Amino acid sequence: MWADIIYVVLLSFCVFIGFNYRKIEDPYVKKWTSTILGLALSLIVSESQILHLLISTAINAVIITKISPKKCHVVSIFFSFFYLLIIFRLGEYIGLREASTHTNLILMISTLKLSGLAFELNSASNAPPDDAEGVNSEALKDVGFMDVFHYTFSYMGLLTGPYYRYRTYWDHLYRPFAKYAEPWPETLHKLKQIACFVVLFLIMSKLYPTRYVLTEEFAERSFLYKHFYMYPTFATFRLRMYIGMVFAECACQMAGLGIYPAQSKPIKGLGPRDYKTIETLSKTPEKLKEVEYNSDTVLNMDIWRLESCQSVRTAMKVWNGCVQYWMGVYVYKRFPLKSLRTMVTFILSAVWHGWAPGYLICMCQIPGFMLTDDLVMKYYNQSPKDSIAQKLWYMFGWYEKTTCMAYLGVSFLLLDFYDIMHYYKSVYFSGQIIAILMYVFVLCCKPYLLKRTTESKDKDKRSL
C-alpha cells in the first residue's frame with residue numbers, strides 16, 4: 001500500500017512540475033532539467049538498481065550513435081530485450097539483486113524508447129521522397145550520445161509511460177507549440193476522473209479481491225457466481241490501470257510534450273501524420289495563437305472507447321495505445337513472415353510484461369476471440385444503420401470483448417500457472433467454451449448473412 005501511495009505522490013509531482021517546466025524557453029536548460037528530474041525519480045524508486053537503467057542506456061547509446069542506421073535497429077532491439085528479459089529479470093540466478101517492480105516498469109518503457117529510436121533512425125535513412133509524415137525530420141539529423149540519455153531519462157512518462165517517439169521529445173524542446181497551448185483545463189478534467197477512479201478502486205478492491213478466487217470459500221460458491229466474479233475483478237484492475245495511465249498522460253501534456261496543432265492530425269504514438277504542417281506552422285508563430293491543439297500523441301488510454309467498443313481489436317488498440325503503436329509498427333509490420341506476425345507480436349508483448357506464465361496464457365488466447373470478432377464486425381458493418389440487427393450485433397460484440405478481457409485478465413492477474421488452472425477448472429473452462437460456441441454460431445451465420453452482400457454486388461455489376 002505504501003509503495004502505491006509513494007508512486008501516486010511521484011506521479012502527482014510529475015504533473016504539477018509541468019507548470020514551471022513548460023515555461024523554460026532555452027532547450028538546453030529544458031532538456032537538462034527534464035533529465036535531472038528523471039534521474040532523481042529513478043533513484044528514488046530504484047535505489048541501487050538505477051545501474052541497470054544506466055548500463056542499458058549507455059550501451060544502447062553506443063549502438064545508436066556508432067552503428068549504421070541500416071543495422072542499428074536490429075542490434076538495439078535484440079540487446080534491449082536481452083537485457084530486460086535475461087540480465088535484469090533473471091539476474092538473481094547469477095547473484096544479482098531481485099528485480100524490483102518500479103525499476104522493471106522504467107526499464108520496460110526505456111526498452112521501447114531506445115529500440116524505437118534506433119527504428120526511427122533506420123526509417124529516416126529510407127524515407128520516401130514526399131515524406132509527408134516527416135520520417136526524416138530535423139530531429140533525427142544529428143542524434144548524439146547525450147541526446148539518447150536525455151530522451152531516455154526525461155521525467156515525462158518515465159515511471160509508467162506512455163511511449164513516445166524521439167521526434168516527439170525533440171519537438172517539445174524546439175517547436176513553439178507549448179507556449180500557445182493551455183493544457184490545464186484538459187488536465188483538470190482528467191484529474192477529476194482520477195479522483196473518481198481512486199474512490200471506485202478502493203471500494204472495488206475491498207469487495208472483489210483477485211486472490212479470493214483461490215480460497216475454499218470461493219470454491220463452494222455456485223458456478224454462476226464464480227463465472228461472473230471475473231467481471232468486477234477485472235474492472236478493479238482496469239481502474240488501477242486508468243489511474244496510472246491517465247496520471248502519466250497529464251504529466252506529459254502539462255510539460256508540453258505531445259501537444260500539436262489538431263490540423264496536423266496527431267495520432268497516439270506517432271504524432272502528426274501531416275508533419276509538413278508542423279514545419280510550416282513552426283515558421284509562422286503569429287498564427288499559433290489561433291490554432292486548436294490536442295495531446296492525442298500521448299493518449300495512452302482512451303477509456304470511453306475501451307469501455308463502449310464492441311471489438312476485441314479496437315479494445316487492444318486503445319488499451320495502452322502508445323505501446324500498441326510500438327508493437328504494431330516495429331514488430332508486427334516489420335516481421336518478415338506474415339503468417340507468424342500476429343503470434344510473434346503477442347508473444348513479445350507477453351514476455352515484455354514478464355516471464356510469468358499468466359502473461360503468455362493471456363496474450364496467446366486473444367487470437368481465438370479475434371476469429372469471432374472479425375465476423376461479428378462484418379455483420380455489424382453490413383447491417384442497416386441504427387437497425388435492430390446492428391444493435392444486436394453491437395451487444396453481441398460488446399459481450400464477447402468484455403468476456404475476453406475479463407476471462408483472460410484473470411490469468412494476467414494471477415500469473416502463476418497452477419493458480420490460473422485452479423480458477424479455470426473451478427469455472428469449467430467456461431471462457432474457452434464460450435469463445436468456441438460464439439465462433440461456431442457466427443460461422444454458421446456466414447452463408448446467410450454475407451451471401452446477401454455478395455449478391456447485391458453482383459446485381460450492381462450487372463446494372464452497369
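Start by selecting Y407: leaving out residues up to four places away in sequence, Y407 touches M230, Y423, Y424, V427, F429, S430, G431 and Q432, where contact means heavy atoms within 4.5 Å. What you have open is a predicted model, in which local features need pLDDT of at least 70 and side-chain atom pairs count only at pLDDT 80 or more, while totals for chains, interfaces and linings use all residues. Residues are numbered from 1 along each chain as its sequence is written, and side-chain values use heavy atoms, with hydrogens and water left out.

**Stop 1: around Y407**

Colour by secondary structure and you will find Y407 in helix α20; helices here are DSSP runs of H or I with at least four residues, numbered from the N terminus. Is Y407 buried or exposed? At 0% relative accessibility, Y407 counts as buried. The cut-offs are under 20% relative accessible area for buried, over 50% for exposed and partly exposed in between, using a 1.4 Å probe and protein chains only.

Rings of Phe, Tyr and Trp (its six-membered ring) pair if their centres lie within 6.5 Å; planes under 30 degrees apart are stacked, over 60 edge-to-face, and the rest tilted.

**Stop 2**

The structure holds 41 aromatic pairs. One of them joins F197 and Y242 in a tilted arrangement, 5.5 Å centre to centre with 50 degrees between the planes. F197 sits in helix α10 and Y242 in helix α13, so the pair ties together parts that are 45 residues apart in sequence. Both F197 and Y242 are buried.

Next, select Y359 and F412, an edge-to-face pair at 4.9 Å centre to centre and 70 degrees between the planes. Because Y359 lies in helix α19 (residues 357-382) and F412 in helix α20 (residues 388-414), this pair ties together parts 53 residues apart in sequence. Y359 counts as buried at 15% relative accessibility, and F412 does too at 17%.

**Stop 3: the nonpolar cores**

Show the largest nonpolar core, which has 119 residues; L117, W326, W352 and Y423 touch the most other members. Such a core is a set of buried Ala, Val, Leu, Ile, Met, Phe, Trp, Tyr and Cys residues joined through side-chain atoms within 4.5 Å. Which helix gives the most to this core? Helix α13 (residues 230-254) does, with 15 residues. Domain 1 (1-170) and domain 2 (312-450) both give residues to the core, so it lies between them; these bounds come from an automatic or database domain assignment.

Zoom in on L117: apart from neighbours within four places in sequence, L117 is in contact with I64, L140, V143, V148, Y151 and Y166. A second, separate core of 10 residues includes F177, I259, Y275 and L281.

**Stop 4: salt bridges**

How many salt bridges does a search of the whole structure find? The search finds 12, each being a side-chain nitrogen of Lys or Arg within 4 Å of a carboxyl oxygen of Asp or Glu.

Select R211 and D419, whose closest N and O atoms are 3.2 Å apart. R211 is partly exposed, with a relative accessible area of 47%, whereas D419 is buried at 19%.

Then move to R238 and E307, which meet in a salt bridge at 2.9 Å, N to O. R238 lies in helix α13 and E307 in helix α15 (residues 303-308), so the pair ties together parts that are 69 residues apart in sequence. R238 counts as buried at 14% relative accessibility, while E307 is partly exposed at 27%. For a network, pick E186, K190 and E249, which are joined by salt bridges that share partners.

**Stop 5: annotated segments**

Finish with the feature "transmembrane region", which an unreviewed UniProt entry places at residues 6-24, 36-62, 74-91, 343-372, 392-415 and 427-449. Those positions are given in the numbering used here, feature names are shortened, and annotations may be inferred rather than shown by experiment. Over residues 74-91 the chain is 83% helix and 0% strand (a strand being a DSSP run of E with at least two residues), with end C-alpha atoms 24 Å apart. For residues 427-449 the values are 87% helix, 0% strand and 33 Å between the end C-alpha atoms.
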